[in-house]
Amino acid sequence: MENITSAIRIIPLEHYLFLCLALFSIGVIGVLFRRNTIVILMCIEMMLNSVNLLLTAFSAYRSDSSGQVFVFFIMVVAAAEVAVGLSILVMMKRNVDSIDINLLNKLKD
């Protein structure tokens, strides 16, 4: 465990911040501007993973394991989100025969 923490500390904390900011921004742009449901789910996962990376980096730099515990909670939420999202996607494909997010209004009928 100490080897992993020391390996994370080799890279400066600012680099983690910029990488996580870039990944989170790409995820937000993907969620806002894409219509494909699978791409939207992947962008949400990208945002969650950028937060996980940032929490891990801060946890390693502060030598506090609470950030790593939050990472596990976020991973559980991400797994649940994927399960629900894919089930909605399957229902959408069966009913509308498309995965375009704009056609989601037809599921009300």
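The paragraphs below walk through this predicted model, from its overall form to a handful of residues in and around helix 3.

A word first on the ground rules. Because the model is predicted, local features need pLDDT of at least 70 and side-chain atom pairs count only at pLDDT 80 or more, while totals for chains, interfaces and linings use all residues. Residues are numbered from 1 along each chain as its sequence is written, and side-chain values use heavy atoms, with hydrogens and water left out.

Let us begin with the whole protein. It has four helices and zero strands, and reading along the sequence gives the pattern α-α-α-α. The radius of gyration is 18 Å, well over the 13 Å that the globule rule gives for 109 residues, so the protein is more spread out than a compact globule. Here the radius is taken over C-alpha atoms, and the rule is 2.2 Å times the number of residues to the power 0.38. Helices, for their part, are DSSP runs of H or I with at least four residues, strands are runs of E with at least two, and both are numbered from the N terminus. Along the principal axes, the C-alpha atoms fill a box of roughly 55 × 25 × 15 Å.

Next comes the surface. The accessible surface of the protein comes to about 7500 Å², and 70% of it belongs to carbon and sulfur atoms; such areas come from the Shrake-Rupley method with a 1.4 Å probe, and for residues only the protein chains shown count as cover. Buried residues make up 27% of the 109 residues, where buried means under 20% relative accessible area, exposed means over 50%, and partly exposed lies in between (1.4 Å probe, protein chains only). As for charge, there are 8 positive and 8 negative side chains, and the centres of the two sets lie 8 Å apart. In that count Lys and Arg are positive and Asp and Glu negative, with His and the chain ends not counted; each charge is placed at NZ of Lys, CZ of Arg, CG of Asp or CD of Glu.

Contacts give another view of the fold. A contact means heavy atoms within 4.5 Å. Among the contacts with a separation of 6 or more, 56% are accounted for by residues 24 or more positions apart.

Now follow helix 3, which spans residues 37–62. Ile44 is found in this helix, and it counts as partly exposed because its relative accessibility is 25%. Leaving aside neighbours within four places in sequence, Ile44 is in contact with Val31 and Glu81. Leu17 is 27 residues from Ile44 along the chain, and their C-alpha atoms are separated by 18 Å.

Further along helix 3 is Asn52, which counts as buried because its relative accessibility is 8%. With neighbours within four places again set aside, Asn52 is in contact with Val71, Ile74 and Met75.

Ala57 is in helix 3 too, and at 1% relative accessibility it counts as buried. Beyond residues up to four places away in sequence, Ala57 touches Ile8, Leu13 and Tyr16. Ile29 is 28 residues from Ala57 in sequence and 24 Å away in space, C-alpha to C-alpha. Ala60, another residue of helix 3, counts as buried at 3% relative accessibility. Apart from neighbours within four places in sequence, Ala60 is in contact with Thr5, Ile8 and Arg9.

Not counting residues up to four places away, Ser59 touches Asp64, Ser65, Gly67 and Gln68. A polar atom of the Ser59 side chain lies 2.3 Å from the backbone oxygen of Asp64.

Most residues other than glycine have a negative phi. Ser63, in the loop between helix 3 and helix 4 (66–96), has a positive phi near 55°, and at 57% relative accessibility Ser63 counts as exposed. Asp97, in the segment after helix 4, has a positive phi of about 60° although it is not a glycine. Asp97 counts as exposed at 57% relative accessibility.

Note on methods: Polar contact = N/O pair within 3.5 Å; in protein donor to acceptor, adjacent residues only side chain to side chain.
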